[in-house]
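Grab your viewer and work through a few exercises on the model shown here. Try each task before reading its solution.

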Amino acid sequence: MADYIINGKESLGIEFGSTRIKAVLVDENCNPIASGGHSWENRFENGIWTYHTEDIWSGLQDAYNSLNADVEKKFGTKIKTLSSIGFSAMMHGYLPFDKDGNQLAEFRTWRNTITSQAAEKLTNEFNFNIPQRWSIAHLYQAILNGEEHVKDISFLTTLAGYVHWKLSGKKVVGIGEASGMFPIDSTTNDYNTQMLDKFSSLDEVKKYSWNIRDILPKVLVAGDNAGYLTAEGAALIDTSGNLQPGALMCPPEGDAGTGMVATDSIAVRTGNISAGTSIFSMIVLENQLSKVYEEIDMVTTPTGKPVAMVHCNNCCTDLDYWVNIFYEYSRLSGSNITKPQIYDMLYNTALEGDKDCGGLLSYNYFSGEPVTKLSQGRPLFVRGENSKFTLSNFFRSLIYSTMATLKIGMEILENENVSIDRLMGHGGLFKTPVVGQKLMAAAMNTPVAVLETAGEGGAWGIAVLARYAADSQNLTLDDYLEKNIFSNFKSSTIAPDADDVKGFEEYMKQYKSGLAVEKSAAENI
């Protein structure tokens, strides 16, 4: 394997998640052979959820150094050349630049709920749901706000598109990522021309000299050549100078697209649920929905197929804080138990709780939640005087709260008679075996499968796309995944248990009623 590394046959995928930047190195068969990572956190500054530019590059470098250390430990050599490389990141957001490449405003992430005016106006104008997170909503809101920087915009991109641009010189994005910037026409695999025209004709937009067509990145599909790693780009990744330029780069994608790849969920009637800092489901559609729903984003697979996406801003953050409390207690008690062991114990005790959590309610809203129409969030735990307040019920309610808002969005697809053969789970919620999978199956009333690669997540997914760009073997991405990748991996599937389903339904009745309490908390605390 050392010769394999020395000869540069490996492919690299790096994903900028909300709390972790992860790097995964794969061989020619997409088997993970090394990994590294870097933890980071968003900042709430001047009413904006953001990351600083220096955090992006120092985080990338630390993740890559961590990967290199793993490679050296395992194979006695460091990475010098790569066959191909791909970058992905949390979707949406706002990163505007002028003609000289200067950043014009702070990076506004998907987590912000500050574009409701723009999102509503564009949704009405396009007759197509434009969520608050989308890049075009951020741009139009900046226009409506009269922000000074807008006149100087020469290029607008996402985090994945930004990193790719700086490393390759190419202003491009993968079609899945593009579909979170501006509506896509799946018949042309490009931005919807009618909607581009409608945007350009808006009175507030016409006063600017730039045209929306010129400032958006070019759209590419999986397998396209998206440029090559430049010498400047290699130096940005590897501060030691060992990494050489020239690696083929695949189109940069969003975490939704890489999640679909990582779970083999890009064929119609398949879907996946990504559960980490945020939670979202992606269902590949046979037919378009009957009408526009503000709770449903219409995006695409990395090959351009239409996908119904239910995205919720909040998932595991509150749960993680509670685990930290138990970890602090274990330290005080003198225990040597590790945090992963605490996660497993608390997750597993949730299975022993009452099916409806015994009347306990948890709201995991650290930020606003558009699906439930709340512009602000306050983490909240509520119980009545007759509730069964046990550790098992408490932690089951925390896990249920990660899924509850997603369920509200998914009920729309149920009413649209959207068929789903299976849901694939990935992300932190599924790391402890069985628990998250079993409770998610109950919440969605659909079988939930987890692959043995679920822990690698989107970083592995973008590494697969990088490998596919380097050698597609003249296969479609669907066939490539089925024949070359997932035929080699094991998966486990858990069907919904009838009692669990009934219990979750009871929990949801209380949850929906209690949303008024959550709203009041945000307004008064």
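This is a predicted model: local features need pLDDT of at least 70, side-chain atom pairs count only at pLDDT 80 or more; totals for chains, interfaces and linings use all residues.

Residues are numbered from 1 along each chain as its sequence is written, and side-chain values use heavy atoms, with hydrogens and water left out.

**Exercise 1. Find the largest pocket and work out which elements line it.**

Start with the term: on a 1 Å grid over the protein atoms alone, a pocket is an open set of points with protein on both sides within 12 Å along at least five of seven lines, a cavity is a set where a 1.4 Å probe fits but cannot get out, and lining residues have an atom within 4 Å of a point. Points are joined across faces, edges and corners, and the volume is the space filled by probe spheres set on them.

Step 1: the volume of the largest pocket comes to about 1300 Å³. Step 2: 43 residues line this pocket, and Thr19, Arg20, Gly276, Thr277 and Gly428 are the closest to its centre.

Step 2: go through the elements, where helices (H or I, at least four residues) and strands (E, at least two) are DSSP runs numbered from the N terminus. At least two lining residues each come from strand E2 (20-26), helix H11 (255-262), strand E15 (270-275), helix H12 (317-332), helix H13 (339-350) and helix H16 (457-470). H13 gives the most, with 5 residues.

Step 3: sort by class, counting Ala, Val, Leu, Ile, Met, Phe, Trp, Tyr, Cys and Pro as nonpolar, Asp, Glu, Lys and Arg as charged, and the others, Gly among them, as polar.

**Exercise 2. How many cavities of 30 Å³ or more does the structure hold, and what lines the largest cavity?**

Step 1: the count is 2. Step 2: the largest cavity has about 60 Å³ of space. Its lining consists of Ser18, Met90, Met91, His92, Trp110, Asp255, Ser278, Phe280, Met309 and His311. Step 3: that splits into 5 nonpolar, 4 polar and 1 charged.

**Exercise 3. Trace the open sheet of 7 strands and say why E17 and E23 each have one side left without a neighbour.**

Step 1: the order reads E17-E18-E16-E15-E21-E22-E23, with mixed pairing; strands pair if DSSP finds at least two bridges between them. Step 2: strand E17 (297-300) and strand E23 (491-494) are at the edges with a single partner strand each, so one side of each has no neighbour in the sheet. Step 3: from one strand to the next, the twist averages 30 degrees.

Step 2: zoom in on E16 (residues 279-284) and E18 (residues 306-312), which run antiparallel and are joined by 6 bridges. Phenylalanine 280 has histidine 311 of E18 as its bridge partner; both residues also line the largest cavity.

**Exercise 4. Describe the hairpin of E2 and E3.**

Step 1: E2 pairs with strand E3 (residues 32-39) over 7 bridges in the antiparallel sense. Step 2: arginine 20 sits opposite serine 39 in E3. Step 3: 5 residues lie between the strands, and cysteine 30 takes a positive phi near 70 degrees.

**Exercise 5. At roughly what angle do H11 and H16 cross, and what makes the contact?**

Step 1: the axes come within 7 Å and cross at roughly 80 degrees. Axes are lines fitted to C-alpha atoms, for helices over the stretch in contact, with angles from 0 to 180 degrees between N-to-C directions. Step 2: this makes H11 roughly perpendicular to H16, a label for 65 to 115 degrees (under 35 is roughly parallel, over 145 roughly antiparallel, the rest oblique).

Step 2: contact means heavy atoms within 4.5 Å. H11 contributes Thr258, Val261 and Ala262, and H16 contributes Gly457, Gly458, Trp460, Gly461, Ile462, Val464 and Leu465. Step 4: by class, that is 6 nonpolar, 4 polar and no charged.
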